[in-house]
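Visitor: I am new to this structure. Please take a close look at one part, the place where the two chains meet, and describe it.

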Amino acid sequence: MMNSPVSTMKSPMYNNDKNPTTGQYWRIVRTIIWKDINIEMRKKTLISALFIFSVMVTLIFTFALDLDKSTRDNVAVGVLWVTFVFASTLGLNQTFANEKNHRSLEGMLLSPIDYTAIFVGKFISTYIFVIIIEIIIIPMFYILYGIQLFSPLFLLIVLLGSFGYTLVGTLLTSIAIRTQVREIMLPILLFPVSMPIIIASVQCSNAILSGANWGQFSNAFNLVIVYDIIFIGVAIMTFDHLIQE
Amino acid sequence: MGMINVKSVSKSFGMKEVLRDINLDIEPGEFTAIVGPNGSGKSTLLRIISTLLRPNSGQVTVAGLDLNTKAHTVRQILGVVSHHTLLYDNLTAYENLLFYAHLYSITDYATRINMVLDKVNLTDSKDTLVRTYSHGMQQRLSIARAILHNPRVILFDEPHTGLDQTNSIILDKILQSRSAAGNTVMLITHDIKHALALCDKIVVLHKGKVEYQERTTQISYDEFASKYHEITNV
(Lines give C-alpha, C1' and ligand atoms only; values in the text may rest on other atoms or scores of the structure.)
Protein backbone atom coordinates (compact mmCIF):
# COMPACT_ATOMS: atom_id res chain seq x y z
CA MET A 1 0.00 0.00 0.00
CA MET A 2 1.12 3.50 -0.76
CA ASN A 3 2.27 5.76 1.99
CA SER A 4 -0.38 7.95 3.52
CA PRO A 5 -0.64 11.22 1.66
CA VAL A 6 -0.90 12.97 4.99
CA SER A 7 1.94 15.39 5.33
CA THR A 8 2.45 17.78 8.16
CA MET A 9 3.17 21.08 6.51
CA LYS A 10 6.18 22.40 8.30
CA SER A 11 6.47 25.53 6.20
CA PRO A 12 5.02 28.47 8.12
CA MET A 13 3.47 29.77 4.91
CA TYR A 14 2.72 28.82 1.36
CA ASN A 15 5.76 29.27 -0.81
CA ASN A 16 5.72 31.62 -3.73
CA ASP A 17 6.91 29.03 -6.21
CA LYS A 18 7.15 31.37 -9.17
CA ASN A 19 9.11 34.55 -8.86
CA PRO A 20 7.84 37.39 -10.99
CA THR A 21 10.25 39.39 -13.12
CA THR A 22 11.56 42.67 -11.71
CA GLY A 23 9.35 44.58 -14.17
CA GLN A 24 6.22 42.70 -13.07
CA TYR A 25 7.13 43.18 -9.41
CA TRP A 26 7.44 46.96 -9.72
CA ARG A 27 4.28 47.16 -11.84
CA ILE A 28 2.41 45.57 -8.94
CA VAL A 29 4.07 47.94 -6.46
CA ARG A 30 3.06 50.89 -8.66
CA THR A 31 -0.50 49.55 -8.87
CA ILE A 32 -0.79 49.39 -5.07
CA ILE A 33 0.61 52.94 -4.71
CA TRP A 34 -1.74 54.21 -7.45
CA LYS A 35 -4.69 52.60 -5.68
CA ASP A 36 -3.82 54.08 -2.26
CA ILE A 37 -3.18 57.58 -3.61
CA ASN A 38 -6.29 57.48 -5.77
CA ILE A 39 -8.43 56.51 -2.78
CA GLU A 40 -6.85 59.19 -0.57
CA MET A 41 -7.36 61.87 -3.24
CA ARG A 42 -11.07 61.03 -3.10
CA LYS A 43 -11.43 60.60 0.66
CA LYS A 44 -8.89 63.19 1.80
CA THR A 45 -9.40 61.92 5.35
CA LEU A 46 -5.82 60.93 6.06
CA ILE A 47 -4.15 64.06 4.72
CA SER A 48 -6.68 66.34 6.44
CA ALA A 49 -6.33 64.48 9.75
CA LEU A 50 -2.54 64.60 9.55
CA PHE A 51 -2.56 68.27 8.60
CA ILE A 52 -4.90 69.33 11.41
CA PHE A 53 -3.05 67.19 13.95
CA SER A 54 0.36 68.57 12.94
CA VAL A 55 -0.79 72.20 13.03
CA MET A 56 -2.42 71.65 16.44
CA VAL A 57 0.68 70.03 17.95
CA THR A 58 2.97 72.73 16.56
CA LEU A 59 0.79 75.58 17.79
CA ILE A 60 0.23 74.01 21.22
CA PHE A 61 3.97 73.60 21.74
CA THR A 62 4.65 77.09 20.45
CA PHE A 63 2.29 78.77 22.87
CA ALA A 64 2.79 76.37 25.77
CA LEU A 65 6.57 76.76 25.69
CA ASP A 66 6.78 80.52 25.93
CA LEU A 67 10.55 80.50 26.00
CA ASP A 68 13.42 82.83 25.31
CA LYS A 69 15.20 82.41 21.96
CA SER A 70 18.09 80.22 23.09
CA THR A 71 15.88 77.78 25.03
CA ARG A 72 13.46 77.70 22.13
CA ASP A 73 16.29 76.81 19.74
CA ASN A 74 17.24 73.95 22.05
CA VAL A 75 13.78 72.39 22.28
CA ALA A 76 12.63 73.10 18.70
CA VAL A 77 14.15 69.99 17.18
CA GLY A 78 12.61 67.79 19.89
CA VAL A 79 9.21 69.35 19.30
CA LEU A 80 9.63 68.92 15.54
CA TRP A 81 10.38 65.21 15.87
CA VAL A 82 7.53 64.70 18.36
CA THR A 83 5.22 66.20 15.72
CA PHE A 84 6.71 63.98 12.98
CA VAL A 85 6.45 60.85 15.09
CA PHE A 86 2.87 61.42 16.27
CA ALA A 87 1.67 62.45 12.81
CA SER A 88 3.40 59.44 11.21
CA THR A 89 1.87 57.09 13.79
CA LEU A 90 -1.55 58.51 12.96
CA GLY A 91 -0.82 57.91 9.28
CA LEU A 92 0.52 54.40 9.90
CA ASN A 93 -2.66 53.44 11.74
CA GLN A 94 -4.46 54.08 8.47
CA THR A 95 -2.00 52.08 6.32
CA PHE A 96 -4.32 49.12 5.85
CA ALA A 97 -7.55 51.02 6.63
CA ASN A 98 -8.74 50.83 3.01
CA GLU A 99 -8.31 47.06 3.15
CA LYS A 100 -10.43 46.65 6.29
CA ASN A 101 -13.92 47.44 4.97
CA HIS A 102 -14.38 44.59 2.54
CA ARG A 103 -11.30 42.55 3.49
CA SER A 104 -9.59 43.70 0.30
CA LEU A 105 -6.26 42.55 1.70
CA GLU A 106 -7.50 39.00 1.08
CA GLY A 107 -8.09 39.99 -2.52
CA MET A 108 -4.40 40.81 -2.80
CA LEU A 109 -3.38 37.64 -0.95
CA LEU A 110 -5.49 35.58 -3.38
CA SER A 111 -3.69 36.98 -6.39
CA PRO A 112 -0.50 35.43 -7.79
CA ILE A 113 1.88 38.12 -6.57
CA ASP A 114 4.98 38.23 -4.45
CA TYR A 115 3.55 39.38 -1.11
CA THR A 116 6.53 41.64 -0.43
CA ALA A 117 5.18 43.83 -3.27
CA ILE A 118 2.21 44.57 -1.00
CA PHE A 119 4.61 45.69 1.71
CA VAL A 120 6.72 47.80 -0.63
CA GLY A 121 3.62 49.41 -2.16
CA LYS A 122 2.05 50.11 1.21
CA PHE A 123 5.32 51.46 2.61
CA ILE A 124 5.92 53.82 -0.32
CA SER A 125 2.37 55.21 -0.29
CA THR A 126 2.53 55.81 3.49
CA TYR A 127 5.98 57.39 3.12
CA ILE A 128 4.61 59.74 0.44
CA PHE A 129 1.90 60.92 2.89
CA VAL A 130 4.49 61.36 5.66
CA ILE A 131 6.69 63.44 3.34
CA ILE A 132 3.73 65.63 2.37
CA ILE A 133 3.11 66.33 6.07
CA GLU A 134 6.79 67.10 6.62
CA ILE A 135 6.70 69.53 3.69
CA ILE A 136 3.91 71.34 5.54
CA ILE A 137 5.41 71.13 9.04
CA ILE A 138 8.96 72.30 8.27
CA PRO A 139 8.05 75.74 6.85
CA MET A 140 5.55 76.15 9.71
CA PHE A 141 8.32 75.56 12.22
CA TYR A 142 10.54 77.98 10.35
CA ILE A 143 7.87 80.67 10.67
CA LEU A 144 6.93 80.00 14.30
CA TYR A 145 10.37 79.22 15.73
CA GLY A 146 12.50 81.28 13.37
CA ILE A 147 14.97 78.41 12.94
CA GLN A 148 16.71 77.87 9.62
CA LEU A 149 15.60 74.31 8.77
CA PHE A 150 16.39 74.29 5.07
CA SER A 151 19.88 72.80 5.31
CA PRO A 152 20.31 69.87 2.87
CA LEU A 153 21.87 67.68 5.57
CA PHE A 154 19.01 68.37 7.98
CA LEU A 155 16.43 67.58 5.30
CA LEU A 156 18.32 64.38 4.50
CA ILE A 157 18.22 63.22 8.13
CA VAL A 158 14.50 64.04 8.28
CA LEU A 159 13.94 61.88 5.18
CA LEU A 160 16.14 59.02 6.46
CA GLY A 161 14.67 59.12 9.97
CA SER A 162 11.08 59.12 8.76
CA PHE A 163 12.00 56.43 6.19
CA GLY A 164 13.05 54.04 8.99
CA TYR A 165 10.13 54.96 11.23
CA THR A 166 7.60 54.45 8.42
CA LEU A 167 9.31 51.22 7.37
CA VAL A 168 9.09 49.66 10.84
CA GLY A 169 5.63 51.13 11.30
CA THR A 170 4.33 49.56 8.06
CA LEU A 171 5.76 46.20 9.08
CA LEU A 172 4.24 46.35 12.57
CA THR A 173 0.91 47.50 11.15
CA SER A 174 0.70 44.19 9.34
CA ILE A 175 0.81 42.52 12.77
CA ALA A 176 -1.53 45.01 14.43
CA ILE A 177 -4.12 44.76 11.63
CA ARG A 178 -5.08 41.27 12.81
CA THR A 179 -5.79 42.45 16.35
CA GLN A 180 -9.03 43.96 17.62
CA VAL A 181 -7.19 46.91 19.19
CA ARG A 182 -5.15 47.97 16.19
CA GLU A 183 -4.98 51.69 17.12
CA ILE A 184 -3.57 50.89 20.57
CA MET A 185 -1.42 47.96 19.50
CA LEU A 186 0.58 49.86 16.88
CA PRO A 187 2.12 52.50 19.20
CA ILE A 188 2.78 49.82 21.86
CA LEU A 189 4.77 47.78 19.34
CA LEU A 190 6.23 50.68 17.38
CA PHE A 191 7.61 53.07 19.99
CA PRO A 192 10.08 50.66 21.67
CA VAL A 193 11.31 49.24 18.35
CA SER A 194 11.74 52.66 16.74
CA MET A 195 13.41 54.30 19.74
CA PRO A 196 16.99 53.95 18.35
CA ILE A 197 16.16 55.72 15.08
CA ILE A 198 14.17 58.47 16.79
CA ILE A 199 16.95 59.21 19.29
CA ALA A 200 19.63 59.11 16.59
CA SER A 201 17.57 61.35 14.27
CA VAL A 202 16.97 63.91 17.04
CA GLN A 203 20.70 63.90 17.96
CA CYS A 204 21.68 64.37 14.31
CA SER A 205 19.12 67.10 13.72
CA ASN A 206 20.26 69.00 16.84
CA ALA A 207 23.91 68.73 15.86
CA ILE A 208 23.30 69.79 12.24
CA LEU A 209 21.21 72.81 13.21
CA SER A 210 23.68 73.93 15.88
CA GLY A 211 26.45 73.86 13.27
CA ALA A 212 28.41 70.91 14.73
CA ASN A 213 31.01 69.28 12.52
CA TRP A 214 30.57 65.82 10.93
CA GLY A 215 32.64 64.01 13.53
CA GLN A 216 30.25 65.08 16.30
CA PHE A 217 27.18 63.44 14.78
CA SER A 218 28.58 60.86 12.33
CA ASN A 219 27.83 57.95 14.71
CA ALA A 220 24.19 58.95 15.07
CA PHE A 221 23.94 59.52 11.31
CA ASN A 222 25.43 56.10 10.57
CA LEU A 223 23.06 54.52 13.08
CA VAL A 224 20.09 55.95 11.17
CA ILE A 225 21.40 54.52 7.88
CA VAL A 226 22.22 51.11 9.40
CA TYR A 227 18.79 50.99 11.07
CA ASP A 228 17.11 51.70 7.72
CA ILE A 229 19.14 49.02 5.93
CA ILE A 230 18.56 46.40 8.64
CA PHE A 231 14.83 46.96 8.66
CA ILE A 232 14.57 46.81 4.86
CA GLY A 233 16.02 43.29 5.18
CA VAL A 234 13.86 42.38 8.16
CA ALA A 235 10.71 43.61 6.41
CA ILE A 236 11.39 41.73 3.17
CA MET A 237 12.24 38.53 5.07
CA THR A 238 9.32 38.57 7.50
CA PHE A 239 6.38 40.25 5.76
CA ASP A 240 5.26 37.05 4.01
CA HIS A 241 4.98 35.31 7.39
CA LEU A 242 3.27 38.22 9.12
CA ILE A 243 0.61 38.87 6.53
CA GLN A 244 -0.65 35.30 6.22
CA GLU A 245 -2.98 33.72 8.74
CA MET B 1 -6.84 12.68 -9.88
CA GLY B 2 -9.55 15.35 -9.53
CA MET B 3 -9.26 19.08 -10.11
CA ILE B 4 -9.51 19.70 -6.37
CA ASN B 5 -8.13 16.96 -4.18
CA VAL B 6 -8.31 17.20 -0.41
CA LYS B 7 -6.57 14.41 1.49
CA SER B 8 -6.83 13.90 5.24
CA VAL B 9 -6.96 17.63 5.95
CA SER B 10 -7.35 18.75 9.54
CA LYS B 11 -7.43 22.27 10.90
CA SER B 12 -7.61 23.62 14.43
CA PHE B 13 -7.80 27.11 15.83
CA GLY B 14 -6.20 26.82 19.24
CA MET B 15 -7.97 23.93 20.97
CA LYS B 16 -10.97 24.04 18.63
CA GLU B 17 -10.82 21.42 15.91
CA VAL B 18 -12.64 22.88 12.92
CA LEU B 19 -11.84 20.30 10.24
CA ARG B 20 -11.21 16.63 10.97
CA ASP B 21 -9.63 14.34 8.43
CA ILE B 22 -11.40 15.79 5.40
CA ASN B 23 -11.19 13.82 2.15
CA LEU B 24 -12.75 15.28 -0.96
CA ASP B 25 -12.29 14.84 -4.67
CA ILE B 26 -13.82 17.24 -7.17
CA GLU B 27 -13.54 16.31 -10.84
CA PRO B 28 -12.61 18.82 -13.57
CA GLY B 29 -15.72 20.72 -14.71
CA GLU B 30 -17.76 19.44 -11.78
CA PHE B 31 -20.13 21.79 -9.95
CA THR B 32 -20.03 20.80 -6.29
CA ALA B 33 -22.02 22.22 -3.40
CA ILE B 34 -20.78 22.01 0.16
CA VAL B 35 -23.65 22.30 2.62
CA GLY B 36 -23.77 22.16 6.36
CA PRO B 37 -24.96 24.07 9.40
CA ASN B 38 -23.12 27.10 10.81
CA GLY B 39 -19.76 26.20 12.29
CA SER B 40 -19.43 22.98 10.30
CA GLY B 41 -16.14 24.17 8.76
CA LYS B 42 -17.34 25.01 5.24
CA SER B 43 -15.68 28.42 5.02
CA THR B 44 -12.49 27.12 6.64
CA LEU B 45 -12.29 24.42 3.98
CA LEU B 46 -12.76 27.04 1.26
CA ARG B 47 -10.07 29.25 2.78
CA ILE B 48 -7.66 26.31 2.81
CA ILE B 49 -8.36 25.44 -0.83
CA SER B 50 -8.01 29.11 -1.79
CA THR B 51 -4.51 29.22 -0.14
CA LEU B 52 -5.59 31.79 2.45
CA LEU B 53 -5.25 29.32 5.28
CA ARG B 54 -2.81 26.51 5.91
CA PRO B 55 -4.03 23.18 7.26
CA ASN B 56 -2.41 21.62 10.33
CA SER B 57 -2.09 18.36 8.48
CA GLY B 58 -3.07 16.78 5.21
CA GLN B 59 -2.58 17.71 1.60
CA VAL B 60 -4.54 19.80 -0.87
CA THR B 61 -3.91 19.79 -4.60
CA VAL B 62 -5.60 21.94 -7.23
CA ALA B 63 -5.12 20.86 -10.87
CA GLY B 64 -2.52 18.43 -9.57
CA LEU B 65 -0.52 21.22 -7.92
CA ASP B 66 0.30 20.83 -4.25
CA LEU B 67 -0.66 24.01 -2.37
CA ASN B 68 2.32 23.58 -0.10
CA THR B 69 4.77 24.12 -2.94
CA LYS B 70 2.78 25.57 -5.85
CA ALA B 71 0.43 28.05 -4.17
CA HIS B 72 1.52 30.86 -6.47
CA THR B 73 0.66 28.89 -9.61
CA VAL B 74 -2.63 27.75 -8.09
CA ARG B 75 -3.64 31.36 -7.41
CA GLN B 76 -3.38 32.02 -11.16
CA ILE B 77 -6.08 29.48 -11.94
CA LEU B 78 -8.30 30.14 -8.93
CA GLY B 79 -11.14 32.63 -8.52
CA VAL B 80 -12.77 33.23 -5.15
CA VAL B 81 -16.04 34.92 -4.26
CA SER B 82 -16.15 35.21 -0.48
CA HIS B 83 -18.54 36.60 2.14
CA HIS B 84 -16.76 39.90 1.68
CA THR B 85 -16.58 41.58 -1.71
CA LEU B 86 -12.80 42.30 -1.50
CA LEU B 87 -13.52 45.59 -3.28
CA TYR B 88 -12.58 49.21 -2.58
CA ASP B 89 -15.47 51.56 -1.82
CA ASN B 90 -13.70 54.65 -3.07
CA LEU B 91 -12.76 53.26 -6.47
CA THR B 92 -15.15 52.88 -9.38
CA ALA B 93 -16.11 49.43 -10.64
CA TYR B 94 -13.72 49.83 -13.56
CA GLU B 95 -10.86 50.99 -11.30
CA ASN B 96 -11.43 48.07 -8.93
CA LEU B 97 -11.18 45.62 -11.81
CA LEU B 98 -8.20 47.50 -13.26
CA PHE B 99 -6.42 47.13 -9.92
CA TYR B 100 -7.01 43.38 -9.87
CA ALA B 101 -6.18 43.06 -13.59
CA HIS B 102 -2.72 44.47 -12.83
CA LEU B 103 -2.29 42.09 -9.88
CA TYR B 104 -3.05 39.18 -12.22
CA SER B 105 -0.80 40.67 -14.93
CA ILE B 106 -3.62 40.58 -17.48
CA THR B 107 -2.27 42.16 -20.65
CA ASP B 108 -5.52 42.77 -22.54
CA TYR B 109 -7.11 44.19 -19.41
CA ALA B 110 -9.46 46.72 -21.07
CA THR B 111 -11.12 43.99 -23.14
CA ARG B 112 -11.33 41.58 -20.20
CA ILE B 113 -12.74 44.20 -17.83
CA ASN B 114 -15.44 45.25 -20.29
CA MET B 115 -16.24 41.60 -20.97
CA VAL B 116 -16.75 40.66 -17.31
CA LEU B 117 -18.66 43.87 -16.57
CA ASP B 118 -20.99 42.95 -19.39
CA LYS B 119 -21.41 39.43 -17.98
CA VAL B 120 -22.57 40.79 -14.62
CA ASN B 121 -24.70 43.57 -16.18
CA LEU B 122 -22.68 46.44 -14.74
CA THR B 123 -21.39 48.10 -17.90
CA ASP B 124 -23.63 51.12 -17.46
CA SER B 125 -22.39 51.84 -13.95
CA LYS B 126 -18.72 50.99 -14.45
CA ASP B 127 -17.61 54.56 -13.71
CA THR B 128 -19.60 54.83 -10.49
CA LEU B 129 -17.92 54.58 -7.11
CA VAL B 130 -18.52 51.18 -5.51
CA ARG B 131 -19.66 52.79 -2.24
CA THR B 132 -22.82 53.94 -4.04
CA TYR B 133 -23.61 50.40 -5.25
CA SER B 134 -26.36 48.28 -3.71
CA HIS B 135 -25.33 45.02 -2.02
CA GLY B 136 -26.47 43.05 -5.05
CA MET B 137 -24.41 45.18 -7.42
CA GLN B 138 -21.35 44.87 -5.18
CA GLN B 139 -21.78 41.11 -5.11
CA ARG B 140 -22.00 41.01 -8.92
CA LEU B 141 -18.89 43.14 -9.19
CA SER B 142 -17.19 40.77 -6.77
CA ILE B 143 -18.01 37.93 -9.16
CA ALA B 144 -16.61 39.98 -12.04
CA ARG B 145 -13.42 40.39 -10.00
CA ALA B 146 -13.24 36.65 -9.38
CA ILE B 147 -13.65 35.67 -13.04
CA LEU B 148 -11.54 38.52 -14.45
CA HIS B 149 -8.48 36.32 -15.05
CA ASN B 150 -10.62 33.52 -16.49
CA PRO B 151 -9.87 31.01 -13.71
CA ARG B 152 -10.33 27.28 -14.23
CA VAL B 153 -11.54 26.80 -10.67
CA ILE B 154 -14.01 29.11 -8.93
CA LEU B 155 -14.92 28.95 -5.26
CA PHE B 156 -18.09 30.65 -4.04
CA ASP B 157 -18.69 31.18 -0.33
CA GLU B 158 -22.41 31.75 0.26
CA PRO B 159 -22.76 34.18 -2.64
CA HIS B 160 -26.56 34.37 -2.35
CA THR B 161 -26.49 35.86 1.15
CA GLY B 162 -28.37 39.16 1.26
CA LEU B 163 -29.31 39.14 -2.42
CA ASP B 164 -32.81 39.98 -3.62
CA GLN B 165 -34.56 37.66 -6.06
CA THR B 166 -33.43 39.50 -9.19
CA ASN B 167 -29.78 39.47 -8.17
CA SER B 168 -30.09 35.89 -7.01
CA ILE B 169 -31.34 34.85 -10.47
CA ILE B 170 -28.51 36.77 -12.16
CA LEU B 171 -26.05 35.03 -9.86
CA ASP B 172 -27.51 31.60 -10.65
CA LYS B 173 -27.13 32.30 -14.37
CA ILE B 174 -23.49 33.28 -13.84
CA LEU B 175 -22.86 30.13 -11.79
CA GLN B 176 -24.44 27.95 -14.46
CA SER B 177 -22.56 29.69 -17.27
CA ARG B 178 -19.23 29.17 -15.49
CA SER B 179 -20.04 25.51 -15.02
CA ALA B 180 -21.20 25.18 -18.65
CA ALA B 181 -17.92 26.79 -19.75
CA GLY B 182 -16.12 23.84 -18.20
CA ASN B 183 -14.93 25.55 -15.02
CA THR B 184 -14.74 23.55 -11.83
CA VAL B 185 -17.07 25.29 -9.39
CA MET B 186 -17.34 24.82 -5.64
CA LEU B 187 -20.31 26.47 -3.99
CA ILE B 188 -20.66 26.81 -0.25
CA THR B 189 -24.24 27.38 0.77
CA HIS B 190 -26.90 26.89 3.42
CA ASP B 191 -29.59 26.57 0.80
CA ILE B 192 -30.09 22.87 0.08
CA LYS B 193 -32.79 23.45 -2.54
CA HIS B 194 -30.54 25.81 -4.45
CA ALA B 195 -27.59 23.45 -4.18
CA LEU B 196 -29.58 20.48 -5.50
CA ALA B 197 -30.96 22.53 -8.39
CA LEU B 198 -27.62 23.95 -9.49
CA CYS B 199 -24.95 21.41 -8.73
CA ASP B 200 -23.69 18.04 -9.98
CA LYS B 201 -22.59 16.85 -6.55
CA ILE B 202 -23.56 17.72 -3.01
CA VAL B 203 -21.40 17.23 0.07
CA VAL B 204 -22.57 17.51 3.66
CA LEU B 205 -20.04 18.82 6.13
CA HIS B 206 -20.93 18.49 9.79
CA LYS B 207 -18.74 19.21 12.82
CA GLY B 208 -15.67 19.38 10.59
CA LYS B 209 -16.23 16.04 8.87
CA VAL B 210 -17.53 15.03 5.46
CA GLU B 211 -20.59 13.03 6.50
CA TYR B 212 -22.18 12.43 3.14
CA GLN B 213 -21.63 13.04 -0.56
CA GLU B 214 -23.79 12.11 -3.52
CA ARG B 215 -24.43 13.10 -7.11
CA THR B 216 -27.52 15.31 -7.28
CA THR B 217 -29.02 13.18 -10.05
CA GLN B 218 -29.03 10.21 -7.69
CA ILE B 219 -31.15 11.76 -4.96
CA SER B 220 -34.41 13.71 -4.71
CA TYR B 221 -34.88 16.81 -2.60
CA ASP B 222 -37.02 14.97 -0.03
CA GLU B 223 -34.53 12.12 0.31
CA PHE B 224 -31.68 14.54 0.72
CA ALA B 225 -33.57 16.75 3.19
CA SER B 226 -34.29 13.72 5.31
CA LYS B 227 -30.65 12.59 5.14
CA TYR B 228 -29.46 16.10 5.99
CA HIS B 229 -31.76 16.24 9.00
CA GLU B 230 -30.55 12.82 10.12
CA ILE B 231 -26.89 13.95 9.95
CA THR B 232 -27.14 17.46 11.30
CA ASN B 233 -30.33 17.37 13.34
CA VAL B 234 -31.24 20.70 11.71
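Guide: Start with one pair: the side chains of A:Glu106 and B:Arg47 form a salt bridge, with 2.9 Å from N to O. A salt bridge here is a side-chain nitrogen of Lys or Arg within 4 Å of a carboxyl oxygen of Asp or Glu. Between chain A and chain B the count is two salt bridges.

The model is predicted, so local features need pLDDT of at least 70 and side-chain atom pairs count only at pLDDT 80 or more, while totals for chains, interfaces and linings use all residues. Side-chain values use heavy atoms, without hydrogens and water.

Polar contacts (N or O atoms within 3.5 Å; within protein, one able to donate a hydrogen and the other to accept it, with residues adjacent in sequence counted only if both atoms are side-chain atoms) join 13 residue pairs between chain A and chain B, both residues at pLDDT 80 or more.

On chain A, the side that touches chain B draws at least two residues from each of α1 (22-43), α4 (97-100) and α5 (104-110); helices are DSSP runs of H or I, at least four residues, numbered from the N terminus. The largest share, ten residues, comes from α1(A). By type, this side of chain A has 16 nonpolar, 15 polar and nine charged residues; Ala, Val, Leu, Ile, Met, Phe, Trp, Tyr, Cys and Pro count as nonpolar, Asp, Glu, Lys and Arg as charged, and the others, Gly among them, as polar.

Overall, the contact (heavy atoms within 4.5 Å) takes 40 residues from chain A and 44 residues from chain B.

Technical notes:
Residues are numbered from 1 along each chain as its sequence is written. Chains are lettered from A and ligands numbered from 1 in the order in which they are written.
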